[in-house]
Amino acid sequence: MKQKWSKEIIIEMIKDLKNQNIDLSAGHISKNYVSLFTAASSRRYFSSWANAVREAGINYDQILDAGKSRRRNKLTKWSKTQVLEEVKKAQSLNLLTTYRDRLALYSAARREFGSWKQALEQAGYKLTKGSSKNTNQIVESNHFTLDAKNVLSQKTKIMDENEKQ
């Protein structure tokens with residue numbers, strides 16, 4: 001049986017969802033309560049989900065802020081040291097395809113070091129051209145670059161100081 005909609009029914013359903021502590025973001029409602037979202041967003045009733053939520057007496061800006069906060073909390077915070085450690089852990093994996101397999105690491109490396117190639121060099125690897133056209137290889141250098149040594153030695157000093165306390 002098809003749901004009969006009216007402004008009052010839509011508002012009542014939104015208030016019920018709010019009382020059940022259900023996420024009232026447009027993304028969540030459009031995926032989980034399609035008919036409600038479609039009706040509320042139609043020109044016949046409120047023209048948008050945000051307008052419908054506001055008509056129900058709910059501050060939609062707070063819903064938007066909560067969504068931003070949730071997305072921000074999902075992001076991993078990286079330091080140069082963490083990037084270097086993760087690159088070294090990933091050495092058994094194909095470091096050339098890390099951008100596909102571990103996008104967060106790849107993005108952090110580019111943000112912290114300027115490029116993936118520079119991050120690899122700081123971690124003690126060297127990107128070289130392969131024998132066939134358009135192929136690259138990563139070879140492990142026998143030495144760390146000066147900056148990588150400094151970053152790692154700083155971390156060691158901090159860890160030593162923390163253990164003394």
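Visitor: How many aromatic pairs does the structure hold?

Guide: It holds two. This is a predicted model, in which local features need pLDDT of at least 70 and side-chain atom pairs count only at pLDDT 80 or more, while totals for chains, interfaces and linings use all residues. Residues are numbered from 1 along each chain as its sequence is written, and side-chain values use heavy atoms, with hydrogens and water left out.

Visitor: Why is the pair of Phe37 and Trp49 called tilted?

Guide: Rings of Phe, Tyr and Trp (its six-membered ring) pair if their centres lie within 6.5 Å; planes under 30 degrees apart are stacked, over 60 edge-to-face, and the rest tilted. The centres of Phe37 and Trp49 are 6.0 Å apart and their planes at 40°, so the pair is tilted.

Visitor: What makes Trp49 buried or exposed?

Guide: Buried means under 20% relative accessible area, exposed over 50%, and partly exposed in between (1.4 Å probe, protein chains only). Trp49 has 3%, so Trp49 is buried. Phe37 has 21%, so Phe37 is partly exposed.

Visitor: What is the other pair, Tyr106 and Trp116, called?

Guide: Tilted, with 5.6 Å centre to centre and 55° between the planes. Trp116 has a relative accessible area of 11%, so Trp116 is buried.

Visitor: How do you know that Lys7 lies over the face of Phe46?

Guide: The criterion is NZ of Lys or CZ of Arg within 6 Å of the ring centre and within 35 degrees of the ring normal. Lys7 lies over the face of Phe46 at 5.5 Å from the ring centre.
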